[in-house]
Amino acid sequence: PVALAVLLDNSLSMTWSANGDGFRQAKEAARLLISALNAGDRAVLIPTNISGREPLRLKAEKEVLLRDLDAIEIADGTANLAAALGKAYELLNQPAGQKEIRLITDMGLTGWDQFSISSVKQYDPSIPFKIIRIGHDRQPLNGAIKEIRLASPGVGVNLPLHLEANVANFGDQEIKDVLVQLNIDGENKEQKLISIAPRGEAAANFQTRLNQAGSHAGRITLKKEGFAGNAAVNFVLDAQDKIKILVVDGDPQTSLAQSESFFLTRALNPAGEKDSSLFLPTVIIPDGLDATSLDGYQVVILCNVAAISDSVLAKLQTFLRQGGGLLIFGGDRVQPENYNLKLAQSSPPLLPVTIRGKKAGSEATGEKIGHMDLTHPALHGLSDPILVESIKSARVWGYTTVSAPGRTALLSLAGGDPLLLEQKVSSGRVLFMTSSADRDWNDLPVKTAYLPLIQSLVSYLAGGKSGALDGGIAVGTAKQISIAPSFVGKSLRIVKPNKQDEELLLTADKDRASATFADNDRAGIYRVALPAGGGKESAPQMYAVNPPFLESRLEEISSRELQAKLKPIRVAVIQADALEQGGKRVDLALPLLLLLLTTLVLEGWLAQRF
């Protein structure tokens with residue numbers, strides 16, 4: 001009697017194998033193997049996309065095995081050959097007359113690239129191992145979406161949104177006139193035709209707008225007759241509402257270009273139109289600050305404001321307690337005594353330093369910036385080497401001198417004096433720039449880096465959100481969700497694309513509440529329902545899961561590579577159609593017994609004769 005382990009490749013690439021008929025052919029091959037079982041034989045069906053913890057066992061009933069076969073479906077990921085093969089050897093590690101392993105597969109290179117014989121915990125080279133190959137009659141047009149990129153500065157409500165889908169061609173022939181479609185929240189937005197050179201890549205560019213803040217489910221789809229490969233990629237767009245900024249101009253001029261806030265407001269909104277930038281600055285003079293409510297603003301910027309009154313101080317303290325951001329620029333009008341009394345000595349202090357005085361010289365005596373803390377999130381927008389060089393080329397000839405014992409500056413001058421410092425106040429943040437916002441004390445406003453610097457500082461003060469594109473994770477990858485620490489001990493709910501849901505307990509992780517969801521086994525949009533009572537963070541969110549990019553590649557592993565991968569296990573590869581030719585099994589017990597008796601009689605006669 002035989003103990004047979006049938007490994008059935010149900011990885012995503014089987015969808016396109018054998019001209020789109022590969023998985024059906026693989027199931028038919030498994031059906032033939034099961035049908036050929038004799039009385040006393042046992043078999044087990046093992047899909048290659050398993051975790052290794054499935055309750056599999058050898059069974060003798062053909063009807064049960066055929067039902068198991070019918071239940072196996074195509075997965076969205078790559079074959080876990082090590083887990084499947086390890087399970088086969090585990091189940092065959094018991095007495096049996098004969099042991100055999102059959103792997104029915106398209107021999108896709110991606111699955112074997114991830115395989116190592118060392119990851120198979122136990123194996124037995126003496127067990128016959130054969131691969132039944134499901135092949136291609138002809139090489140199809142083979143490609144997939146490699147990447148989706150955000151080509152605009154951010155993702156904001158009613159702002160131009162530029163997306164770029166990069167499509168790869170795995171084959172040796174050009175793929176002509178592929179239709180690429182963009183869909184957001186179930187609505188088709190735009191479509192483009194592209195052609196892809198052999199072994200090359202091509203981009204499809206889309207432009208659209210989002211009219212609502214929050215998370216949006218996106219999908220890009222390829223349509224081409226005879227195309228083999230993953231034809232759809234999911235992603236999530238997190239649209240940020242406009243960041244409203246109150247700019248207090250401490251040195252307004254009759255000429256707009258001469259005003260203290262001119263360069264600052266142009267950096268925040270270069271076109272000066274409501275729907276052209278994520279940032280909406282409103283400019284007032286210091287006298288208007290008392291009468292202005294700060295409730296509708298996320299950030300307040302003080303530009304060379306001479307003094308802070310008691311009423312304004314109370315208003316700023318309340319604003320920061322509620323999570324607002326405050327950016328303070330120095331200048332020739334700033335009164336050090338007032339700032340020290342109202343801001344530095346307040347409880348809690350709003351200024352991270354004590355002002356000692358002012359240092360102002362000629363432009364020719366300006367210092368360069370010697371230190372930049374690019375690891376700080378407030379300066380993440382300056383990571384490009386060109387912007388770094390632009391910042392370093394700037395000169396500062398006027399600034400407020402400060403006493404900052406134990407403080408580490410985000411930006412410092414070459415001589416060591418601080419240029420940008422941070423102070424956290426309750427739920428809010430304060431950034432203090434010791435130089436001016438205009439060209440009176442520095443030439444930063446005419447540098448390339450000024451716009452991204454100002455926008456990066458304001459985004460950080462507004463909570464660090466400027467809208468983003470999330471291209472998702474690969475099938476089988478764990479997703480970590482991290483939210484405010486007040487959620488520790490509560491549960492969140494994950495709803496999978498097939499509408500199944502699961503609850504996760506949020507535990508403490510440093511200064512956040514976090515949970516990890518590992519069952520991302522299907523491609524699509526996963527929705528996250530956070531616990532109630534968390535303000536803005538309690539709103540439902542989502543993330544995307546996609547098939548691994550290289551799973552769409554239909555290239556096969558060569559015989560030499562296969563033998564090297566499986567060594568010391570010896571493997572034979574046969575074509576699937578060989579099973580249809582059939583075969584027969586013969587019980588050799590009686591012939592061997594007759595041979596043995598004949599041999600004994602002959603030996604007895606020879607012994608007497610000689």
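Predicted model: local features only at pLDDT ≥ 70, side-chain atom pairs only at ≥ 80, totals over all residues.
Leaving aside residues up to four places away in sequence, Ile301 is in contact with Ile245, Leu246, Val247, Val248, Leu264, Leu268, Leu327, Phe329 and Val458.

Strand β15 (residues 299-303) is largely enclosed by the rest of the structure, because five of its five residues are buried. Val299, Ile301 and Cys303 point one way from the strand, while Val300 and Leu302 point the other way.

Strand β13 (residues 243-249) pairs with β15 in the parallel sense over five bridges, and Val247 stands opposite Ile301. Strand β16 (residues 325-329) also runs parallel to β15, joined to it by five bridges. Here Val299 has Gly325 as its bridge partner. Between β15 and β16 the chain passes through helix α7 (residues 310-321), and this β-α-β crossover is right-handed.

## A four-stranded open sheet

Four strands, in the order β9-β6-β5-β11, form an open sheet with mixed pairing. Its edge strands, β9 (201-208) and β11 (227-228), each pair on one side only.

Strands of a sheet pair through backbone hydrogen bonds, either parallel or antiparallel. Between β5 (residues 141-150) and β11 the sense is parallel, with two bridges. Leu141 has Phe227 in β11 as its bridge partner.

Terms used: Residues numbered from 1 in each chain as written. Heavy atoms only, no water. Pairing = 2+ DSSP bridges. Contact = heavy atoms within 4.5 Å. Buried < 20%, exposed > 50% of the residue type's maximum accessible area, 1.4 Å probe, protein only. Right-handed = clockwise from strand over helix to strand, strands pointing away.
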